Amino acid sequence: MQINFTHHQSAHCENGVVSNLMKHHGFNVSEPMVFGIGSGLLFCYIPFLKVNHAPAITYRAMPGFIFKRFAKRVGIKIEREKFKDPKKAKARLDENLINNNPVGLQVGVYNLTYFPDEYRFHFNAHNLVVYGKEKDTYLISDPVMETVTTLTAKELEKVRFAKGALPPKGHIYYPTNFPKELNLEKAILKGIKHTCRDMLAPMPIIGVKGIRFTAKQIRKWPKKLGTKKANHYLGQIVRMQEEIGTGGGGFRYIFAAFLQESSKILNNPKLTELAKEMTKIGDLWRDFAVDASRIYKNRGAKTDGYNEVATQLEAIADKEEVFFKALKKAI
Amino acid sequence: MKKSEVPQDKSNLESANFRELCYAVDENGEYTTAHTTGWDPKTIALDNAIEDINQRVADAKKRVKNNITSPIEYYMELHKMDLPILASYVGIWQWRVKRHFKPKVFHKLSNKTLQKYAEVFEITIDQLKNLDHAN
């Protein structure tokens with residue numbers, strides 16, 4: 001059994017699943033639109049939470065938040081469910097497939113067999129769509145993959161019940177109720193306001209302040225931790241910024257694409273200008289990644305290098321502060 | 001980033017015949033998507049991370065041989081796990097898992113407990129007890 005579902009590749013899994021499910025139900029919503037309305041852009045550095053033996057850092061909102069906010073703001077209803085019993089989780093999935101309803105699933109990456117080995121880490125907030133089943137094999141549309149793929153029932157159960165931080169617990173979700181027409185204008189405004197609030201938040205580890213805080217920490221790393229650990233930490237920042245899913249520049253390019261699209265919908269030329277500015281900021285993030293990689297490429301780096309990339313981050317923070325203040329005024 | 005500047009460097013993605021999507025600006029200044037085969041700065045970061053894991057695995061293996069730790073720690077590192085992740089997979093409190101790292105405690109573990117670990121690591125109890133039997 002196979003549902004007539006069109007796979008579109010996207011940069012990020014969560015936006016991609018939402019965008020693909022919306023398209024399936026006849027609403028042409030792009031990935032950047034989902035990301036922007038769902039206020040996906042963020043910066044958060046959590047020094048005391050370790051991921052892969054380095055401080056946790058994120059460039060996006062908490063997993064699941066983007067879809068939740070998007071649904072609320074455009075007025076669609078989502079059905080979601082988590083399970084204790086893998087059998088029940090499977091039964092609910094099969095039920096939906098029989099009813100011709102493609103569903104989104106939250107899964108762990110570590111046991112996703114179609115991923116390259118190097119990318120299989122214990123990360124439990126990946127998303128994909130199941131659009132059919134043939135015998136014991138599920139048909140999978142994973143938005144970060146170029147084409148559709150498959151997983152056996154056993155493999156799927158394993159990824160749906162991965163353990164560790166943020167366990168998916170068989171989390172299944174799909175949109176149920178749609179308005180006659182999507183009211184994008186209001187949703188866009190809400191999304192932008194929320195992002196500006198997050199990025200300018202008066203909290204030391206979030207948004208613009210979080211970027212400055214990270215820069216300050218980087219300066220301390222080589223002395224405090226030694227070169228090896230400092231390089232590992234720096235590598236983690238670059239990976240979180242550029243690894244599969246961010247569309248480049250820690251989601252800054254996707255956000256710029258969203259502003260450009262919104263400018264046409266809202267008929268607000270200021271947003272086109274701001275999109276250009278955001279693209280430039282994205283380029284600065286890329287430059288930061290290039291310079292950071294120079295440090296961890298040559299193991300015996302000088303402490304100067306750390307100070308230099310920290311200065312780069314501070315410059316980015318200043319630019320983003322001006323940017324989000326201007327964005328707040330532009331709408 | 002301009003579309004023409006989207007990096008096409010060699011990376012680990014290539015071996016899996018896999019290209020990533022990213023967002024870039026075309027000649028008219030409009031946003032569009034483009035495929036990328038990889039980008040050196042992040043390939044190096046990933047390679048370093050993998051190397052770091054390999055080193056941890058080798059280090060754990062050495063310590064098992066010297067009877068400083070139990071094979072559980074070795075397999076934990078091999079599966080890219082840390083203590084909280086392993087504890088949640090086997091369903092045993094972290095402090096108990098940590099205790100099972102002690103060779104003395106490990107040797108006294110019941111088959112039932114060993115089986116829990118073996119299942120998570122997808123090996124037999126025999127392989128768990130004796131690293132030489134592992135591949």
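Me: In this predicted model, is the crossing of α7(A) and α8(A) right-handed or left-handed?
Reply: The axes of helix α7 (residues 207–225) of chain A and α8(A) approach within 7 Å and cross at roughly 145°. The handedness of this crossing of α7(A) and α8(A) is right-handed.

Me: Which residues of α8(A) make the contact with α7(A)?
Reply: By class, the contact of α7(A) with α8(A) has 7 nonpolar, 1 polar and 1 charged residues. From α7(A) come A:Ile218, A:Trp221, A:Pro222 and A:Leu225. The residues of α8(A) are A:Thr227, A:Lys229, A:Ala230, A:Tyr233 and A:Leu234.

Me: How far apart are the end C-alpha atoms of helix α1 (residues 13–24) of chain A?
Reply: Helix α1 of chain A has 12 residues, and at 1.5 Å a residue these should span 16 Å.

Me: How many of the 12 residues of α1(A) are buried?
Reply: The buried residues of α1(A) include A:Cys13, A:Gly16, A:Val17 and A:Leu21. Among the elements that cover them are α2 (31–37), α3 (65–74), β4 (103–107) and β5 (126–134) of chain A. The helix α1(A) is largely enclosed by the rest of the structure, because the number of its residues that are buried is 10 of the 12.

Me: Is A:Phe251 buried or exposed?
Reply: A:Phe251 lies in the loop between α8 (227–242) and α9 (252–266) of chain A. Its phi is near 75°, a positive value in a residue other than glycine. The cut-off for a buried residue is 20 or more other C-beta atoms within 10 Å. A:Phe251 has 29 other C-beta atoms within 10 Å, and therefore A:Phe251 is buried.

Me: How many other C-beta atoms lie within 10 Å of A:His53?
Reply: A:His53, in the loop between β1 (41–51) and β2 (54–60) of chain A, has a positive phi of about 65° although it is not a glycine. A:His53 is partly exposed, and the number of other C-beta atoms within 10 Å is 14.

Me: Which residues does A:Phe255 touch, not counting residues up to four places away in sequence?
Reply: The largest nonpolar core has 105 residues, and A:Phe255 is one of those that touch the most other members, together with A:Val130, A:Leu234, A:Ile254 and A:Ala292. The largest share of this core, 11 residues, comes from helix α10 (residues 269–297) of chain A. Beyond four places in sequence, A:Phe255 touches A:Phe35, A:Gly36, A:Leu41 and A:Met278.

Me: Which element gives the largest share of the side of chain A that touches chain B?
Reply: The contact takes 35 residues from chain A and 31 residues from chain B. The elements that give two or more residues to the side of chain A are α8, α9 and α10 of chain A. By class, this side of chain A has 12 nonpolar, 14 polar and 9 charged residues. The largest share, 9 residues, comes from α10(A).

Note on methods:
Residues numbered from 1 in each chain as written. Chains lettered and ligands numbered in written order. Predicted model: local features only at pLDDT ≥ 70, side-chain atom pairs only at ≥ 80, totals over all residues. Helix = DSSP H or I, 4+ residues; strand = E, 2+ residues; numbered from the N terminus. Expected span 1.5 Å × (residues − 1). Contact = placed C-beta atoms within 7 Å. Axes fitted to C-alpha atoms, helices over the stretch in contact; angles between N-to-C directions. Left-handed = near helix turned anticlockwise from the far one by under 90°. Nonpolar A, V, L, I, M, F, W, Y, C, P; charged D, E, K, R; others polar. Core = buried A, V, L, I, M, F, W, Y, C linked by C-beta atoms within 7 Å.
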